[in-house]
Amino acid sequence: MQPDEELNELCKKIELGKDFLSPSRITEELKKMILHSTRPSLGFRWVEKIGRLKELFPELEATIGVLQIERYHPEGDVFEHTMQAVDAAAGLQNDNPEEIFFYSDEEKLKVILGTLCHDFGKVFTTDENKHAYGHEKVIEPAKHFLHRFEFGKQINKSVILFIKFHHRLHQVLESHNPELRTKKLAHELWPKANIKELVMVCLSDLRGRSSEGDSLPLTCPIPGVDKFIEIAKRLDVWTKPEPALISGKDLKGYVEPGPEMGEMLERAYEIQITQNIKDKKKLIELTVAGSIQSH
């Protein structure tokens with residue numbers, strides 16, 4: 001089903017305001033579109049078609065016409081890439097060679113919102129050669145987008161993490177010690193997000209690159225993703241980081257509670273995952289010895 005011209009004309013003229021189409025009402029409609037649609041992009045494309053995209057979602061509208069390197073993005077500009085990626089994220093539940101599934105509506109909401117916002121920074125970083133170095137560090141546009149609606153602080157924080165880390169999967173796989181980098185990544189994401197959710201955003205990003213002309217995303221397996229999933233699951237950090245062996249209570253006899261204890265706990269966790277230590281007593285000894293040497 002498609003909106004007819006009479007409906008399009010009516011929606012072009014609807015006035016927005018506190019009493020009509022308030023942020024809370026738009027938020028609820030966005031949630032329905034994200035959680036229940038197989039192609040959420042159709043909603044955003046329709047809003048663009050009737051000329052209201054800049055008014056409702058200016059950060060998304062700004063991606064129209066932002067060109068990308070064809071070798072990596074044969075699909076076109078950042079807007080087209082984003083629309084395909086959003087549909088790829090929504091399709092994970094149905095067409096999923098990697099067998100990654102959403103565990104809850106909240107997880108699906110934050111993954112698809114993360115996918116929607118992940119390249120807003122390209123508007124500000126794309127140069128004359130179509131490179132967008134550092135776009136993952138530009139988070140203000142996404143913050144502006146999220147704060148206009150009512151998704152909740154926890155979901156907003158998760159989305160910002162996905163933006164910051166959506167290139168990390170490649171960096172981990174190309175590193176000399178992907179196992180250690182995977183453990184560190186799980187720790188950096190927690191508790192607002194986890195590796196499984198980040199992989200869903202990254203996979204959607206990588207599949208939003210179809211040049212077939214039908215605006216449908218890729219559905220094929222993406223090289224490297226399976227390897228990363230295997231590492232995360234083997235290390236048991238797929239949905240949560242490796243638990244810390246020691247807590248502040250274990251260090252009470254060595255240091256007073258406060259900033260110094262916090263630093264020692266961070267050092268302890270670094271030693272734990274770097275040296276793959278499972279013995280609590282040994283970890284305390286190494287942590288305390290390292291603290292003494294640093295002083």
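Biologist: How many salt bridges does a search of the whole structure find?

Modeller: This is a predicted model, in which local features need pLDDT of at least 70, side-chain atom pairs count only at pLDDT 80 or more, and totals for chains, interfaces and linings use all residues. Residues are numbered from 1 along each chain as its sequence is written, and side-chain values use heavy atoms, with hydrogens and water left out. A salt bridge is a side-chain nitrogen of Lys or Arg within 4 Å of a carboxyl oxygen of Asp or Glu. By that criterion, the search of the whole structure gives 21.

Biologist: Which residue forms a salt bridge with arginine 25, and how far apart are the closest N and O atoms?

Modeller: Side chains of opposite charge can pair when their charged atoms come close. The partner is glutamate 29, and the closest N and O atoms are 3.2 Å apart.

Biologist: Is arginine 209 buried or exposed, and what is the relative accessible area of aspartate 205?

Modeller: The side chains of arginine 209 and aspartate 205 meet in a salt bridge with an N to O distance of 3.2 Å. Buried means under 20% relative accessible area, exposed over 50%, and partly exposed in between (1.4 Å probe, protein chains only). Arginine 209 has a relative accessible area of 19% and is therefore buried. Aspartate 205 is also buried, and its relative accessible area is 5%.

Biologist: Leaving aside neighbours within four places in sequence, which residues are in contact with histidine 73?

Modeller: Histidine 73 is placed in the loop between α5 (58–61) and α6 (78–90). Its relative accessibility is 8%, so histidine 73 counts as buried. With contact defined as heavy atoms within 4.5 Å, the residues are Gln68, His81, Lys122 and Arg209.

Biologist: Which residues does serine 41 touch, not counting those up to four places away in sequence?

Modeller: Serine 41 belongs to helix α3 (residues 41–49). Its relative accessible area is 0%, so serine 41 is buried. The residues touched are Met83, Val86 and Asp87.

Biologist: What share of the residues of the chain count as buried?

Modeller: The chain has 16 helices and zero strands (strands being E runs of at least two residues). Of its 295 residues, the share that count as buried is 48%.

Conventions
Helices (H or I, at least four residues) and strands (E, at least two) are DSSP runs, numbered from the N terminus.
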